[in-house]
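Work through the exercises below with the model open beside you. Try each task before you read its solution.

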Amino acid sequence: MSASSYPKYTDEFKKSIVTLHQNGKSLTQLSKEYGISMSALSRWVRLYSEVKIDEDTVVTAHQIKELQKRNTQLEEENLILKKAIAIFTPHSNRD
């Protein structure tokens, strides 16, 4: 079976399945009821389960992964800017 023939599920659907799991349905029940593989369900639970950081902040593993990517990108940009400043800053002859 090619990758293009797998069903595409929306994020909202995946989140609703994770909510059902968190409310007591087993992965086996969800797999049988919705015809979704156990590996897909496990991945969705890992990605879309919420973690409470503090009283007002709740994030998912997916959001953390996106934040990590953005952080890496910003660190690379910062390094490039530091190198550019070093190149364009005039050095005194007294050093």
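A residue counts as buried when its relative accessible area is under 20%, as exposed when that value is over 50%, and as partly exposed in between. Keep this cut-off at hand. Note too that the model is predicted.

**Exercise 1. The chain as a whole**

Task: State which helices and strands the chain has, in what order they come, and what share of the residues is buried.

Solution. 
- Step 1. Count the elements: the chain has four helices and two strands.
- Step 2. Read along the sequence. The order is α-α-α-β-β-α.
- Step 3. Apply the cut-off. Of the 95 residues in the chain, 16% are buried.

**Exercise 2. The buried side of H2**

Task: Find the buried residues of H2 and say where they sit around its axis.

Solution. 
- Step 1. List them: Leu27, Leu30 and Ser31 are the buried residues of H2.
- Step 2. View H2 down its axis. These residues cover an arc of only 100 degrees, so they are on the same side of H2.
- Step 3. Ask what covers them. The cover includes helix H1 (11-22) and H3.
- Step 4. Take Ser31, which belongs to helix H2 (residues 27-34). Its relative accessible area is 17%, so it counts as buried.
- Step 5. Find the partners of Ser31, leaving out residues up to four places away in sequence. Ser31 touches Ile36, Ser37, Met38 and Leu41.

**Exercise 3. The buried face of H3**

Task: Explain why the buried residues of H3 can be said to line one face of the helix.

Solution. 
- Step 1. Name the residues. In H3, Ala40, Leu41, Trp44, Val45 and Tyr48 are buried.
- Step 2. Look down the axis of H3. The buried residues fall within an arc of 135 degrees, and therefore they line one face.
- Step 3. See what they pack against: H1, H2, strand E1 (50-52) and strand E2 (58-60).

**Exercise 4. Salt bridges**

Task: How many salt bridges does the structure hold, and which side chains form them?

Solution. 
- Step 1. Side chains of opposite charge can pair when their charged atoms come close.
- Step 2. Count: the structure holds two salt bridges.
- Step 3. Take one pair. Lys25 and Glu33 meet through their side chains at 2.5 Å, N to O.
- Step 4. Lys25 has a relative accessible area of 28% and is partly exposed. Glu33, at 45%, is partly exposed.
- Step 5. Take the other pair. The side chains of Lys69 and Glu66 meet at 3.7 Å, N to O.
- Step 6. Locate this pair in helix H4 (residues 61-88). Lys69 and Glu66 are three residues apart, so about one helical turn separates them.
- Step 7. Check Glu66. Its relative accessible area is 38%, so Glu66 is partly exposed.

**Exercise 5. The largest pocket**

Task: Describe the space in the largest pocket and the residues that line it.

Solution. 
- Step 1. Give the volume: about 240 Å³.
- Step 2. Turn to the lining. It has twelve residues, and those closest to the centre are Pro7, Tyr9, Ala40, Arg43 and Trp44.
- Step 3. Find the main contributor. Helix H3 (residues 38-48) gives the largest share of the lining, five residues.
- Step 4. Sort the lining by type. Eight residues are nonpolar, two are polar and two are charged.
- Step 5. Link back to Exercise 3. Ala40 and Trp44 are among the residues closest to the pocket centre, and both are among the buried residues of H3.

Notes. Residues are numbered from 1 along each chain as its sequence is written. This is a predicted model: local features need pLDDT of at least 70, side-chain atom pairs count only at pLDDT 80 or more; totals for chains, interfaces and linings use all residues. Side-chain values use heavy atoms; hydrogens and water are left out. On a 1 Å grid over the protein atoms alone, a cavity is a set of points where a 1.4 Å probe fits but cannot get out, and a pocket is an open set with protein on both sides within 12 Å along at least five of seven lines; lining residues have an atom within 4 Å of a point. Grid points are joined across faces, edges and corners, and a volume is the space filled by probe spheres set on the points. Ala, Val, Leu, Ile, Met, Phe, Trp, Tyr, Cys and Pro count as nonpolar, Asp, Glu, Lys and Arg as charged, and the others, Gly among them, as polar. Buried means under 20% relative accessible area, exposed over 50%, partly exposed in between (1.4 Å probe, protein chains only). Contact means heavy atoms within 4.5 Å. A salt bridge is a side-chain nitrogen of Lys or Arg within 4 Å of a carboxyl oxygen of Asp or Glu. The arc is that of the directions from the helix axis to the C-beta atoms.
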